[in-house]
Amino acid sequence: MSIPFASELALIGGEWRSATGKGTLPVEDPSTGATVGAIARCLDADVDAAVAAARAAFEGAWGRLAAFERGRLLSALGRAVLAHADVLAALETMDVGKPRSQARADVTALARYLEFYGGAADKLHGTTIPFLEGYTVYTLREPHGVTGHIIPWNYPMQIIGRSVGAALAAGNSVVVKPAEEASLTTLAFARLAAEAGFPPGTINVVPGLGEEAGAALAAHPGINHVSFTGSVEVGTLVQSAAAGHVAPVTLELGGKSPQLVFDDADLEAALPVLARAGLQNAGQTCSASSRLLLQRGIYARVVEALAERYRALRAGPAARDLDLGPLISAAQRRRVEAMLEAGIKGGAQVLARGEIVADAPAGGHYVAPLLLAPPGPGHVLAQEEIFGPVQVVLPFDSEDEAIAIANGTRFGLVAGAWTRDAGRQHRLASRLRAGQVFLNDYGAAGGVELPFGGVGWSGHGREKGMEALYSFTAVKTVAARHR
Ligand code: NAD
């Protein structure tokens, strides 16, 4: 497809403008490796202008809207997203290399976030607090002001929905830095927002490189909260930059999320989920379940069923809507392949491999899905996030051992457990170190209502659900003494 708007412009204060440096960056289709367009390369001056525009909107037309009016705009934007579902999905398929049905699911999720936060905008309020005689005490829940949003390439629409949607519902104005690898749906979203009637300057978009526009945004003293989703490495840089002006930060980082399958599990229910939970978006998912912990009694049976599934998987051009598309870039593909090569040399056994379709374009960044058995839970492939179509299986004997392995990485984003034993379910829910625990399920189809975020190296702060609204507001306590 050709991009149906001028993608090489930034949105600042309601105007579509060239970046000050006049530079652009190429847009690559990862299915073919072809350049299909360009985006703006914003620099410090563009970020300055975007932050100033956002501040003006916060102190002006946007800041004056009643909460229910903000909610109505978000709800209208959600409907506009659904009305443009085909073009948004096609853009994401081309830009991210995401199979069409997965891109379509991201559109639905974006609309659902906007619907959820549209409905929540006028239900966010403070409390009254019983206190000493002669006082009336209450709290106000206030927006931070201007919030910065640094978005990764793997789920642009979902992450816009959960972070920008919540920030706007809470009354903030926003400056968004999409990933240089995938900015198109963010730009399309901003166009729909302008048409839906958001006042100019409420939503600003500054595409560009992470180390330029992203770094400028994180360090900008006019930004009152930074929401970052991406790698641990960059997340720590962003947190340090925001510390320079004492801005709070939400970090949504990586994971090495386990599913624990016990001997008493309903395997018929578990088997279709086990692999799917690790392979969505070719494994380039922060919450991908990349470790499968299998109790010894069912280990051989589950490995055989998984291997059969893997051998049937096909990777190919995103537009063909196969099981997997390509990885996002040649650099990601090289990174993943190098990790796999080192891991296999280091003793990981290949249990099964899927296929790359024969006619996949040579310039695309395809990696065949791989099921591996590392020699132990301390092996590099059982510890480090691969961010590719790879799962590892690990056997365990006891519940305690399963928990020790599950909790034995530096990450803690999501965990799933399959068991019919209700007592064990609750013990696991309590003892697994993760921001979300699923029992006899994994992911719950996205669940926009469900708070999400990590512990440890998976990050801090919560997005999604009502919790996100608390992250994007600060509580002010008012204590009135009556004399
Ligand atoms: P990344 O950290 O390289 O980039 C993320 C964003 O940060 C991009 O917009 C990029 O331009 C920007 N950036 C890069 N350098 C920057 C800098 N110095 N200052 C400010 N911004 C900068 O991550 P990625 O490669 O896009 O995504 C892959 C990683 O993200 C994986 O590790 C994955 O687990 C993680 N991720 C986490 C979640 C989550 O919700 N926990 C979601 C998606 C991705």
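In the predicted model, a polar side-chain atom of S231 is placed 2.6 Å from an oxygen atom of the ligand, and a polar side-chain atom of E180 lies 2.5 Å from an oxygen atom of the ligand. Of the 840 Å² of accessible area that the ligand has on its own, the protein covers 89%.

The elements that contribute two or more residues to the shell around the ligand are helix 6 (156-169), helix 8 (210-219), strand 10 (225-229) and helix 9 (232-243). In total, 29 residues surround the ligand, the closest being R162, E180, S231, L253 and E385. Sorted by class, this shell comprises 17 nonpolar, seven polar and five charged residues, and at least three of its residues come from each of domain 1 (10-253 + 459-478) and domain 2 (258-447).

A further site concerns Q425, a residue of helix 15 (residues 422-431). Because its relative accessibility is 15%, below the 20% limit, Q425 counts as buried. A polar atom of the Q425 side chain lies 2.9 Å from the backbone oxygen of T419.

Definitions and conventions. Residues numbered from 1 in each chain as written. Predicted model: local features only at pLDDT ≥ 70, side-chain atom pairs only at ≥ 80, totals over all residues. Heavy atoms only, no water. Near = heavy atom within 4 Å. Polar contact = N/O pair within 3.5 Å; in protein donor to acceptor, adjacent residues only side chain to side chain. Areas by Shrake-Rupley, 256 points an atom, 1.4 Å probe, with all protein chains shown as cover. Helix = DSSP H or I, 4+ residues; strand = E, 2+ residues; numbered from the N terminus. Nonpolar A, V, L, I, M, F, W, Y, C, P; charged D, E, K, R; others polar. Domains from an automatic or database assignment. Buried < 20%, exposed > 50% of the residue type's maximum accessible area, 1.4 Å probe, protein only.
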